[in-house]
Amino acid sequence: MIIYIEDDFNLDKITDSGQCFRWEKTGEAAYRIPFRDKCLYIEAVGDSAYDVSCTQQEFQNVWYDYFDLGTDYRMIRERIDEQKDPFLYQAAEQEKGIRILRQDSWEMLISFIISQNKNIPAIRRSIALLAAACGEACSDSKGISYYAFPRPEAVLGLDPDQLRACSLGYRCKYVRAAAEYVSEGKINFEELQKTDADRAIEALTEIYGVGIKVASCIALFGMHHLNAFPRDVWVKRILENEYPNGYPFSDYAPYNGVYQQYMFAFYRNVKTLRETKS
DNA sequence: AGGCAGGCTTTTA
DNA sequence: TAAAAGCCTGCC
């Protein structure tokens, strides 16, 4: 089925922005995307046109929300004043097409615990190993198999050696603690989605192995708190280098997290560009 | 070969 | 309470 998306939407930009770790590239501008108990093939086939493997009904019920198509990212992007903030303006122009997906809170919790001290390929690898170790084996619309992201109880069912085999290293104990925490019902993701970003982050940091940065990522990518602003080493460098007199968070509320994504992706791409040149 | 990669917890001053 | 040390692992 062909669908049309007029707003900012770029599959490569979204997956390169480091918010999702389970998309599989199946071709030029084409991906296979597992989400909860579903799996979608999507391919860019022309101007604003995308070929998707699901029915119209499934797209409306599941994927419209997953891709956050109800939010106007062009409007968010155009709030940046080129004169007042040329750096962010350029970053957003360059990285236009990034959106903040509405992913599963529990999956994001585990994914970002795993992310600490790892680069993106290593994060992807660990998550794939974990899913293969205890996720449910499923079959997509083409009959090709994949693993659903495991439930907390499935993670708890692994013995320590099996967990360690997912290349989790010292994060093993964090992953296990988080699975216990969720399994015991100590966190209510739905409730935290309804509050503000700061409250959600505060609650998330109660979990062993979750600090401010990881909690901010979970709030932004797993609870859709668009004002959450993860500060990793790159963002700290950006704030130091580009905004020595301070960053105007209040001007950019309630979308600070979206702008963070633009500048983060922009900075990283500049860096890799420099590396490939030299 | 040592440092670093999208940090966190624990220990130490 | 702020700064360091230690932690798994893979990669250059």
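Let's start with L220. L220 has 27 C-beta neighbours inside 10 Å, so L220 counts as buried. The cut-off for buried is 20 or more. Keep in mind that this is a predicted model. L220 sits in helix α12. Across the chain from L220 is Q103. L220 and Q103 are 117 residues apart along the chain, yet their C-alpha atoms are separated by 9.7 Å.

Which helix gives the largest share of the surface near DNA strand B? It is α12, with four residues. α12 spans 212-222, and α13 spans 233-242; each of the two supplies at least two residues of that surface. In total, 20 residues surround DNA strand B. The closest are G18, Q116, N119, G211 and V214.

Now DNA strand C. Which residues are around it? N117, A122, R164, S167, G169 and Y170. By class, that surface divides into two nonpolar, three polar and one charged.

Pick out N117 from that list. N117 lies in the loop between α5 and α6. Is N117 buried or exposed? N117 has 9 C-beta neighbours inside 10 Å, so it counts as exposed. The backbone deserves a look here too. Phi of N117 is near 60 degrees, a positive value in a residue other than glycine.

A29 also has a positive phi without being a glycine, at about 55 degrees. A29 is in the loop between β2, residues 24-27, and β3, residues 30-35. A29 has 14 other C-beta atoms within 10 Å, so A29 is partly exposed.

One more backbone point. The peptide bond from A253 to P254 is cis, with omega near 0 degrees. P254 is in the loop between α14, 249-252, and α15, 256-277.

On to helix packing. Two packed helices are described by the angle between their axes and the distance between the axes. Take α5, residues 105-115, against α9, residues 172-183. These two pack at an angle of about 160 degrees, with their axes 10 Å apart. The cut-off for roughly antiparallel is over 145, and α5 and α9 are therefore roughly antiparallel to each other. Their crossing is right-handed.

Now α5 against α6, residues 120-134. The axes of α5 and α6 come within 9 Å and cross at roughly 130 degrees. That makes α5 oblique to α6. The crossing of α5 and α6 is right-handed.

Which of its residues are buried? L88, A91 and A92 are buried in α4. They cover an arc of only 95 degrees around the axis, which puts them on the same side of α4.

Look at A91 in particular. A91 is found in α4. With 25 other C-beta atoms within 10 Å, A91 is buried. What is the C-alpha to C-alpha distance between A91 and Y259? It is 8.7 Å, although A91 and Y259 are 168 residues apart in sequence.

Note on methods
Residues numbered from 1 in each chain as written. Chains lettered and ligands numbered in written order. Predicted model: local features only at pLDDT ≥ 70, side-chain atom pairs only at ≥ 80, totals over all residues. Buried ≥ 20, exposed ≤ 12 C-beta atoms within 10 Å, placed from the backbone. Arc of directions from axis to C-beta. Near = placed C-beta within 6 Å. Axes fitted to C-alpha atoms, helices over the stretch in contact; angles between N-to-C directions. Parallel < 35°, antiparallel > 145°, perpendicular 65-115°, else oblique. Left-handed = near helix turned anticlockwise from the far one by under 90°. Nonpolar A, V, L, I, M, F, W, Y, C, P; charged D, E, K, R; others polar.
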